[in-house]
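Here is a short briefing for a first look. Keep the sequence and the 3D view open while reading.

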Amino acid sequence: MGYRLRTLDMSEVARLEPLYHELARHHNEVSAHFGGSFPGMPIEEQLRDCAEDLSDGKAEVAIIEEQGDPVAFCKVDVAGCNGYLDELVVMPGHRGRGLGSQLMAWADGVFHELGVCQVELRVVIGNEGVQRFYERHGFLPSALEMKRVQ
């Protein structure tokens with residue numbers, strides 16, 4: 001299978017919609033406490049925010065395509081020397097093929113190029129497979145974020 005990784009510009013953000021839907025589906029499936037509450041904002045608003053972040057130079061996005069169809073993407077945000085791995089998703093039929101690691105290598109390159117000294121991300125409690133993936137890429141848990149839904 002021929003996969004192609006490339007950066008995405010703001011005019012193409014709508015192509016991420018099925019990937020955002022998969023990210024929400026996955027979070028709802030694995031969340032130990034908040035299943036059914038993802039995404040916290042409508043996907044259309046997430047796409048709009050992504051386009052604005054790209055336009056403002058606050059973010060970079062890479063997409064992996066197979067025969068022109070999006071199968072994975074990663075969004076990173078950078079503010080000064082702080083980086084944030086905002087989103088990373090691989091469609092189910094394409095997992096286990098190293099695409100997530102390719103996106104991590106891309107993100108690491110962006111962070112290095114921009115002089116980022118600390119990178120953060122969030123993992124949904126209950127998403128042990130993804131937590132192990134990030135640990136293999138050098139991330140360690142630093143705190144447990146607690147929320148109460150009213």
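A salt bridge is a side-chain nitrogen of Lys or Arg within 4 Å of a carboxyl oxygen of Asp or Glu. In this structure, Arg 4, Arg 6, Glu 12, Arg 15 and Glu 65 are linked in a network of such bridges. The model is predicted.

**Helix 1 and helix 2**

- Two packed helices are described by the angle between their axes and the distance between the axes.
- Helix 1 spans residues 17-30 and helix 2 spans residues 43-55. Their axes come within 10 Å and cross at roughly 125°.
- Helix 1 is therefore oblique to helix 2.
- The crossing of the two helices is right-handed.
- On the helix 1 side, the contact is made by Glu 17, Tyr 20 and His 21. Helix 2 supplies Ile 43, Glu 44, Gln 46, Leu 47 and Cys 50.
- Sorted by class, this contact has four nonpolar, two polar and two charged residues.

- Gln 46 is found in helix 2.
- Is Gln 46 buried or exposed? Its relative accessibility is 18%, so Gln 46 counts as buried. The cut-off for buried is under 20%.
- Leaving aside neighbours within four places in sequence, Gln 46 is in contact with Tyr 20, Pro 39, Met 41 and Glu 87.

**Salt bridges**

- Side chains of opposite charge can pair when their charged atoms come close.
- How many salt bridges does a search of the whole structure find? The search finds ten.
- Arg 95 counts as partly exposed because its relative accessibility is 36%. Glu 22 has 8% relative accessibility, so Glu 22 counts as buried.
- Glu 29 and Arg 25 meet in another salt bridge, at 2.6 Å from N to O. Both lie in helix 1, four residues apart, so about one helical turn separates them.
- Glu 29 counts as exposed because its relative accessibility is 56%. Arg 25, at 35%, counts as partly exposed.
- Asp 53 forms a salt bridge with Lys 75. The closest N and O atoms of this pair are 2.9 Å apart.
- Asp 53 lies in helix 2 and Lys 75 in strand 3 (residues 69-79), so their bridge ties together parts that are 22 residues apart in sequence.
- Both Asp 53 and Lys 75 are buried.

**Two residues of strand 3**

- Cys 74 has its place in strand 3. Its relative accessibility is 0%, so Cys 74 counts as buried.
- Which residues does Cys 74 contact, leaving aside its neighbours within four places in sequence? They are Glu 60, Val 61, Ala 62, Leu 85, Glu 87, Leu 88, Leu 103, Trp 106 and Ala 107.
- Cys 74 and His 21 are 53 residues apart in sequence. In space, their C-alpha atoms are 14 Å apart.
- Ala 79 also has its place in strand 3. Ala 79 is exposed, because its relative accessible area is 54%.
- Ala 79 and Val 13 are 66 residues apart in sequence. From C-alpha to C-alpha, 21 Å lies between them.

**Two loop residues**

- Gln 67 is found in the loop between strand 2 (59-66) and strand 3. Its phi is near 50°, a positive value in a residue other than glycine.
- Gln 67 is exposed, because its relative accessible area is 77%.
- Asp 9 has its place in the loop between strand 1 (3-7) and helix 1. With a relative accessible area of 40%, Asp 9 is partly exposed.
- Asp 9 and Val 61 are 52 residues apart along the chain. Their C-alpha atoms are separated by 7.6 Å.

How values were computed
Residues are numbered from 1 along each chain as its sequence is written. This is a predicted model: local features need pLDDT of at least 70, side-chain atom pairs count only at pLDDT 80 or more; totals for chains, interfaces and linings use all residues. Side-chain values use heavy atoms; hydrogens and water are left out. Axes are lines fitted to C-alpha atoms, for helices over the stretch in contact, and angles run from 0 to 180 degrees between N-to-C directions. Angles under 35 degrees count as roughly parallel, over 145 as roughly antiparallel, 65 to 115 as roughly perpendicular and the rest as oblique. A crossing is left-handed if the near helix is turned anticlockwise from the far one by less than a right angle, and right-handed if clockwise. Contact means heavy atoms within 4.5 Å. Ala, Val, Leu, Ile, Met, Phe, Trp, Tyr, Cys and Pro count as nonpolar, Asp, Glu, Lys and Arg as charged, and the others, Gly among them, as polar. Buried means under 20% relative accessible area, exposed over 50%, partly exposed in between (1.4 Å probe, protein chains only).
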